[in-house]
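Colleague: I would like to go through this model with you, topic by topic.

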Amino acid sequence: MNREDNKIVAFCCEHSAYQVADKAGRMRLHYPDNVRIIRVPCAGRVDVQHILKAFEKGAAGVLVMGCQEGACQHLTGNTRAKKRVKYAEDLLKEVGIDGGRVKMVNLAPDMAQRFIREVKEMAEKIEGEMRR
Amino acid sequence: MQVRIGIFLCDCGESLKNIDFSRIRGDLQRLEDIAFVDISHNLCLEEGVKAMTSRILAENINRVVIGACSPELCEHSFSRLLKGLRLNPSLLSLANIREQCSWAHEGDVTGKALELMRMAVNKARFLQPVEKKDIPVNKEVLVVGGGFSGMRSALELSRLGLRTTLVERESVSGGKLGEFESFHGIETTPEEMLSSTRKAVKENADIKVLTSAEVTRVEGQVGDFTASIGRGEEKVSQSFGAIIFATGYMTKILPQDFQLKPDVNIISQRKLVEMLQAPGKLERRPGTIGFVLDVSDENSRLPILSTLNNALAVKERLGSEVYVFCKSLKVDSEGVEKLYREARERGVVFLKFEEKPRISKEDGRVKVEARDVLLGEEVTLLCDSLVAEEKVLPPEGTEALSSLLNIGTDSAGFYQDENVHLYPVASERKGIFFVGGCKGDLDFTRTLADISSATMSIYKLLSPEKVIVEVEKVKVEPEKCRACLTCVRVCPHGAIQMVRVDTEKEVAKIYDLACDGCGICAAICPAKAIRFEGYADEQILAEVEAIGESL
């Protein structure tokens with residue numbers, strides 16, 4: 001199975017994570033190209049159904065990326081997203097999809113290296129599991 | 001209406017070499033409802049814009065999809081272009097094929113670019129126009145708190161042509177500034193500053209001052225707040241466009257900090273200021289004065305400012321020996337480093353401790369024992385008066401007020417000051433601002449900056465009399481709403497209220513001006529009754545659907 005088939009959907013808050021992804025591109029910091037970024041106004045906009053839809057459509061992993069805790073433009077958006085990610089994780093576990101396939105990541109707008117690390121980690125995790 | 005999508009691709013001056021644009025064009029043309037796919041070298045330049053304009057006008061399309069650089073850079077100018085062509089800017093869908101595709105990966109990324117384009121096309125099919133409208137706003141401003149920052153804000157607003165009502169809880173305005181003895185290096189004394197400000201407020205016809213009054217209720221939204229102001233028995237209700245809170249702070253000696261009890265020898269900064277103001281009343285001149293500061297928390301600018309100013313004043317007027325016991329000094333306010341150096345030059349002795357000093361009484365004097373970590377020795381000091389550090393705390397009523405307004409406080413109980421996105425004076429609710437001491441950590445220059453910042457924000461908001469908003473970008477579909485109040489509860493900006501539609505039913509309504517467009521309500525609504533145009537469920541799901549689908 002090649003990497004292109006194991007897609008990662010990243011829901012990125014436009015106040016932080018989306019800018020981080022742009023920054024990573026601008027700095028030519030290369031990361032796995034199976035990531036598909038969807039821009040959202042706040043991590044709090046991401047609903048469980050969006051996460052589940054991604055898996056339904058064959059995504060191998062989902063990242064929800066928002067602002068750092070205590071620094072959400074909309075105060076509670078990132079904490080709500082975290083709860084929803086947890087909820088989705090539990091649902092996925094019940095149907096036998098490993099919990100680590102969906103993850104909440106908190107980023108500040110300048111954390112390009114951290115963004116790359118998170119994406120790489122997810123890609124490697126998926127690759128490792130697919131090989132087994 | 002039949003969807004007709006026009007697609008523009010920009011290869012950024014032919015620099016995106018790892019994307020095969022002609023292949024993408026070929027694949028995209030095969031999709032449904034596509035009017036044309038154009039490749040341009042420079043959509044952001046004049047010739048690119050010209051070509052785009054003529055193409056959009058000629059083809060009579062009603063959705064525009066652009067694959068170019070990051071929306072953070074180009075969204076604004078493309079929206080403007082569409083607006084100029086009488087196409088609703090909401091009918092624009094962007095794919096970021098430069099920063100998040102070509103630049104981010106090595107090797108050929110045509111496949112990813114195509115998929116990003118298809119995600120944008122999928123989303124475009126569901127886009128709906130969002131109209132814009134003028135909303136009238138009330139130009140009066142309510143200022144709560146008649147201290148220096150409150151009065152100063154009112155004066156600045158009046159200079160900008162906005163009328164204000166100043167509400168002060170005490171019987172006289174003035175706040176805490178009068179409690180300072182002097183600001184070292186500034187000619188005008190705090191008292192003079194205060195009296196001149198008071199006079200200016202009194203003479204200003206735009207400012208109405210209500211003393212012994214309190215705000216008991218605030219309803220409504222930015223542009224149209226209704227505040228109930230209680231004044232003794234009488235209650236008045238008035239409408240305001242914006243509110244500035246300048247409720248200040250209070251200071252208190254917290255005895256548990258050093259196991260000390262305030263008495264004749266252990267005094268507060270305020271008591272010391274009283275001593276300094278009337279030195280004639282003292283029985284005898286204190287020979288030694290000690291200060292003790294425990295700077296373990298972050299909100300510590302004020303105690304240091306008053307300690308340094310007062311220590312210098314003591315040196316100057318009483319000529320006593322001055323010792324300052326401290327853990328560390330926060331000297332980041334303007335001029336405080338200089339003040340500290342000056343204090344040392346004038347003979348104020350600073351002693352740095354790690355463990356808290358032991359404080360006891362001996363022969364009617366105060367004995368302070370501490371281990372100075374720089375000297376590495378035990379130091380014992382007998383002083384005539386010990387000035388204890390006063391903690392800066394939120395004033396009484398802060399909690400009640402914050403729950404009244406539905407606005408959070410930070411970890412120390414002050415109005416939120418920690419969120420970088422709201423820094424420095426805005427609150428999570430549009431039209432409500434905080435200045436001065438009620439934000440916790442303050443000094444003089446910061447307060448002045450706050451005041452300018454808040455008044456300018458209000459000027460920007462209210463001066464045009466009308467505010468242009470996008471109507472129902474986020475809206476509740478009344479027939480689906482079950483009035484469960486979940487959205488009212490979660491909205492961080494307090495932008496949702498219940499309104500009656502008929503005798504039987506109340507539904508949630510989102511106020512366009514107060515809404516900041518986060519979409520938390522749309523995600524949480526159990527009935528899925530809230531639609532956020534641009535990020536509606538079907539639009540996000542359509543984007544997700546494009547992933548993994550092959551042509």
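Colleague: Which residues in helix 9 of chain B meet helix 10 of chain B?

Modeller: From helix 9 of chain B, they are B:Ile304, B:Leu305, B:Leu308, B:Ala311 and B:Leu312, and they meet B:Val336, B:Leu339, B:Tyr340, B:Glu342 and B:Ala343 in helix 10 of chain B. Contact here requires C-beta atoms, placed from the backbone, to lie within 7 Å. Helices (H or I, at least four residues) and strands (E, at least two) are DSSP runs, numbered from the N terminus. This is a predicted model, in which local features need pLDDT of at least 70 and side-chain atom pairs count only at pLDDT 80 or more, while totals for chains, interfaces and linings use all residues. Residues are numbered from 1 along each chain as its sequence is written, chains are lettered from A and ligands numbered from 1 in the order in which they are written.

Colleague: At what angle do helix 9 and helix 10 of chain B pack, and how far apart are their axes?

Modeller: The angle between helix 9 and helix 10 (residues 336–345) of chain B is about 35°, and their axes are 10 Å apart. Axes are lines fitted to C-alpha atoms, for helices over the stretch in contact, and angles run from 0 to 180 degrees between N-to-C directions. Helix 9 of chain B passes helix 10 of chain B in a left-handed crossing (left-handed if the near helix is turned anticlockwise from the far one by less than a right angle, right-handed if clockwise).

Colleague: What does helix 9 of chain B lie across?

Modeller: Helix 9 (residues 301–317) of chain B lies across strand 15 (288–292) and strand 16 of chain B, at about 165° to strand 16. Strand 16 (residues 321–326) of chain B is in turn joined to strand 17 of chain B by 4 bridges, the two running parallel. Within strand 17 of chain B, B:Phe350 is the residue opposite B:Val324.

Colleague: What is the strand order in that open sheet of 5 strands in chain B?

Modeller: The order is 14-21-15-16-17, and the pairing is parallel. Strand 14 (266–267) and strand 17 (349–352) of chain B are at the edges with a single partner strand each, so one side of each is left without a neighbour in the sheet. Two strands pair if DSSP finds at least two bridges between them.

Colleague: And the open sheet of 4 strands in chain B: what is its order?

Modeller: There the order is 2-1-3-4, again with parallel pairing. Strand 2 (34–40) and strand 4 (92–96) of chain B are its edge strands, each pairing on one side only.

Colleague: Which helix packs on it and touches strand 1, strand 2 and strand 3 of chain B?

Modeller: Helix 2 (residues 46–59) of chain B does so, and its direction makes about 170° with that of strand 2 of chain B. Helix 3 (residues 71–84) of chain B also packs on the sheet, where it touches strand 3 and strand 4 of chain B; its direction is at about 155° to that of strand 4.

Colleague: Changing topic, how do the axes of helix 5 and helix 15 of chain B cross?

Modeller: The axes of helix 5 (residues 110–125) and helix 15 (residues 537–546) of chain B come within 8 Å and cross at roughly 150°. That makes helix 5 of chain B roughly antiparallel to helix 15 of chain B (under 35 degrees counts as roughly parallel, over 145 as roughly antiparallel, 65 to 115 as roughly perpendicular and the rest as oblique). Their crossing is right-handed.

Colleague: By class, what does the contact of helix 5 with helix 15 of chain B contain?

Modeller: It has 3 nonpolar, 2 polar and 6 charged residues. Ala, Val, Leu, Ile, Met, Phe, Trp, Tyr, Cys and Pro count as nonpolar, Asp, Glu, Lys and Arg as charged, and the others, Gly among them, as polar.

Colleague: What about helix 2 and helix 3 of chain A: at what angle do they pack?

Modeller: Helix 2 (residues 48–56) and helix 3 (residues 77–94) of chain A pack at about 40°, with axes 9 Å apart. That makes helix 2 of chain A oblique to helix 3 of chain A. Helix 2 of chain A contributes A:Val48, A:Ile51, A:Leu52 and A:Phe55 to the contact, and helix 3 of chain A contributes A:Arg84, A:Tyr87, A:Ala88 and A:Leu92.

Colleague: Finally, how many residues does the contact take from chain A and from chain B?

Modeller: It takes 39 residues from chain A and 35 residues from chain B. The largest share of the side of chain A that touches chain B is 6 residues, from helix 1 of chain A.

Conventions. Two residues are in contact if their C-beta atoms, placed from the backbone, lie within 7 Å.
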